[in-house]
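Open the model in your viewer and keep the selection panel handy. We will go one stop at a time.

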Amino acid sequence: MVERDDHPLLVTEGLSISFGGLRAVDGVDSFIRKGETLGLIGPNGSGKSTFFNLISGIYRPSSGKFVFEGENLVGFKPFEIARKGIARTFQNNRLFLDLSVLDNIVIGMYQKQKATLWQTLFRYRRTKQELSRTASEAAALLNFFSQDLCEDRYKRVSDLAHADRKRVEICRALASDPKLLLLDEPSAGMSPKETEDLMKDIRKIGEKMEGISLIIIEHDMRVIETVAGRVIVFNYGRKIAEGTFSEISKNPAVLEAYLGEESTDVAA
Amino acid sequence: MKKSDGHPVLSALWLLAVITLAYGLVIFFLVVEETYTILVTLMVILFLGYFVRRVESLRRWLQSLVEAHKKLAIGWILFLLILLPILLGSNPYVIHIVFSAGLYAILALGLNFQLGSTNVVNFATAASYGIGAYTSALLAVHLGWSFWIVLPISGIVSAFFGFLLGLPTMKTKTYYLSLVTIAFGLIVYLFLNNLSWTGGPNGIGGIPFPSIGSFSLGSSWTLFGLTIPFQANFYYLTLILVVLSYVVAQRIHDSKLGLAWNAIRNDEIAAECQGIDVTRNKIMAFCVDAFFGGVAGTVYAFNVSFISPENFTFMVSVTVVTMVIVGGMDNVPGVIFGALLMTLIPEKFQAFQSYRLWLFGLIILLMLFLQPKGLFPQKIRRYD
């Protein structure tokens with residue numbers, strides 16, 4: 001069993017949700033430390049994305065709780081959880097497609113902008129200053145990950161290629177300076193070259209935001225092996241294994257869960 | 001970007017000439033009465049507009065002119081707009097239709113916060129318009145309150161009803177949300193028609209003209225021997241309100257709130273995950289929209305001095321929705337343009353009165369096929 005330290009960032013206790021008769025996430029106990037990168041793997045339909053939807057407040061758990069920085073966040077709305085410092089990306093991009101790249105990031109910084117409607121109407125100059133400050137901060141964030149993307153910041157997101165969209169989504173999630181970032185299959189649909197770049201980007205996240213914690217759902221085991229210090233394995237909504245990548249890749253339960261599909265990948 | 005071609009004075013003169021030419025064409029369109037002349041003028045205007053749009057170099061040139069002399073352009077346009085009733089002095093009817101186009105522009109700007117920015121298809125514009133008109137009429141007729149006090153009050157009352165409509169619609173989305181707003185519009189219409197204190201189908205009459213000091217907006221005045229009809233007073237009042245609404249709408253569009261609405265339009269769940277309180281922001285859109293409607297309704301009531309439920313039917317809501325779609329979703333000047341276009345064109349083709357609805361339908365169909373984002377689609381926000 002993995003030792004849990006005294007003050008983990010996020011703890012889930014018996015976290016469960018049922019859809020009709022199906023227990024999509026079933027009594028998951030887990031935790032993540034500050035500054036840690038946690039891999040979350042498991043066969044399709046094992047409840048990984050549902051787990052993310054629970055801790056980002058999109059679904060409400062049927063039982064159990066999740067505690068972030070000592071506060072039980074069950075029943076909080078997604079925007080409240082986002083304001084507490086949990087940001088996420090989605091398995092299928094959910095960008096604001098008809099807006100520019102820069103606008104997407106500026107919206108990611110929504111919580112940092114203090115202007116009220118009153119100030120917008122009657123103290124417009126100040127509101128505008130705040131907005132252009134936010135915009136240059138957003139451009140700097142884009143520039144940190146990719147200069148090309150920063151140059152394309154006035155393009156509509158719908159005009160970008162798939163890999164760039166994924167990158168914009170990661171930047172948007174980082175824009176709010178979150179304490180915990182949830183990445184839902186960032187490498188989905190990427191070429192091997194693009195996946196290489198992605199792994200560099202993920203390492204850059206740690207450089208940019210010191211102390212940020214990451215939970216990353218992945219099917220590409222190379223990504224998990226490279227970036228995750230610890231891995232949790234899901235099957236049928238339950239946590240079946242936990243440990244370093246080399247530990248879980250030898251775990252018979254994990255091999256069995258993947259058998260017939262991706263057993264070779266895991267064993268590799 | 002900025003191309004300083006030639007002498008700055010020369011380019012300023014070019015700019016003034018272009019604006020004045022466009023203005024002259026519009027005035028000509030407004031005053032001619034013979035159907036074929038109207039048709040030809042309209043074709044010329046539309047063709048010129050299309051031409052400017054299609055010819056890249058011409059468009060660039062015009063843009064650089066405007067960018068170089070932005071303040072001059074705004075000042076000149078305002079000056080020409082102030083001049084308008086004086087030029088049209090002998091034609092009070094035309095001044096009146098420009099006035100009502102202005103009222104529709106306010107309604108359309110309000111609706112744009114929902115339809116354009118947030119993609120909340122609200123068909124209850126007539127309701128907030130009517131609530132504004134009735135609130136101000138009741139306060140003015142029964143309590144004798146002045147127009148200037150009643151104007152903000154009816155805006156706030158209307159915004160409150162917008163809030164009341166907003167609450168239950170949060171449970172619904174897309175078509176279902178639109179259905180709720182249609183139902184709300186019908187309920188308001190039925191109440192206005194059946195309550196005794198709103199005058200039922202007879203409505204409310206005897207609403208006094210607003211006045212500034214001892215000058216009533218219902219009286220005409222003379223300038224250098226020219227008689228300026230009273231319609232001009234309402235034209236100026238509406239001009240001020242449209243300019244104010246424009247400034248407010250543009251500021252909101254360029255602010256955090258405008259961005260949050262655009263985020264909601266694209267993806268509610270993703271917006272919520274950026275820390276945006278979707279429910280609150282949507283209700284805010286309902287309130288701001290209704291406030292604009294209430295203000296426009298007040299001006300309308302004090303202009304016609306008699307209102308009845310028939311002024312606030314579902315058809316009004318549909319017209320305003322059309323204006324936003326034609327002008328351009330979430331493009332503030334575009335929305336005003338759409339409102340002017342969709343008011344002035346039907347008015348000028350009174351000869352085809354019986355085909356009016358047919359014409360409306362045709363325009364919507366053509367727009368949705370050829371330019372689904374409107375004549376002026378939303379521009380990308382610039383921060384530098």
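Two residues are in contact if their C-beta atoms, placed from the backbone, lie within 7 Å. Keep in mind throughout that this is a predicted model.

**Stop 1: where the chains meet**

Show chain A and chain B together. The contact takes 32 residues from chain A and 23 from chain B. Now select helix 9 (231-253), helix 10 (256-266) and helix 11 (268-273) of chain B; each gives two or more residues to the side that touches chain A. Helix 10 of chain B gives the most, with seven residues. Colour this side of chain B by residue class.

**Stop 2**

Select residues 1-87 of chain B for domain 1, then 91-370 for domain 2. Their C-alpha centres lie 27 Å apart. Across the boundary, nine residues of domain 1 of chain B are in contact with 13 residues of domain 2 of chain B. On the domain 1 side, pick out helix 1 (8-31), helix 2 (35-54) and helix 4 (70-87) of chain B, which each supply at least two residues. Helix 4 of chain B has the largest share, four residues. Which classes make up this side of domain 1 of chain B? Eight residues are nonpolar, one is polar and none is charged.

**Stop 2: helix 9 against helix 12**

Show side chains on helix 9 of chain B, including B:Phe234, B:Leu237 and B:Leu241. Facing residues on helix 12 of chain B include B:Phe292, B:Val295 and B:Val299. The contact of these helices divides into six nonpolar, three polar and no charged residues.

**Stop 3: helix 5 against helix 14**

Select helix 5 (92-118) and helix 14 (332-348) of chain B. Their axes are 8 Å apart, at an angle of about 135 degrees. That makes helix 5 of chain B oblique to helix 14 of chain B. The crossing is right-handed. On helix 5 of chain B, find B:Ala101, B:Ala105 and B:Ala108, among others in the contact. On helix 14 of chain B, look for residues including B:Gly338, B:Ala339 and B:Glu347. By class, this contact of helix 5 with helix 14 of chain B has twelve nonpolar, five polar and one charged residues.

How values were computed:
Residues numbered from 1 in each chain as written. Chains lettered and ligands numbered in written order. Predicted model: local features only at pLDDT ≥ 70, side-chain atom pairs only at ≥ 80, totals over all residues. Domains from an automatic or database assignment. Nonpolar A, V, L, I, M, F, W, Y, C, P; charged D, E, K, R; others polar. Axes fitted to C-alpha atoms, helices over the stretch in contact; angles between N-to-C directions. Parallel < 35°, antiparallel > 145°, perpendicular 65-115°, else oblique. Left-handed = near helix turned anticlockwise from the far one by under 90°.
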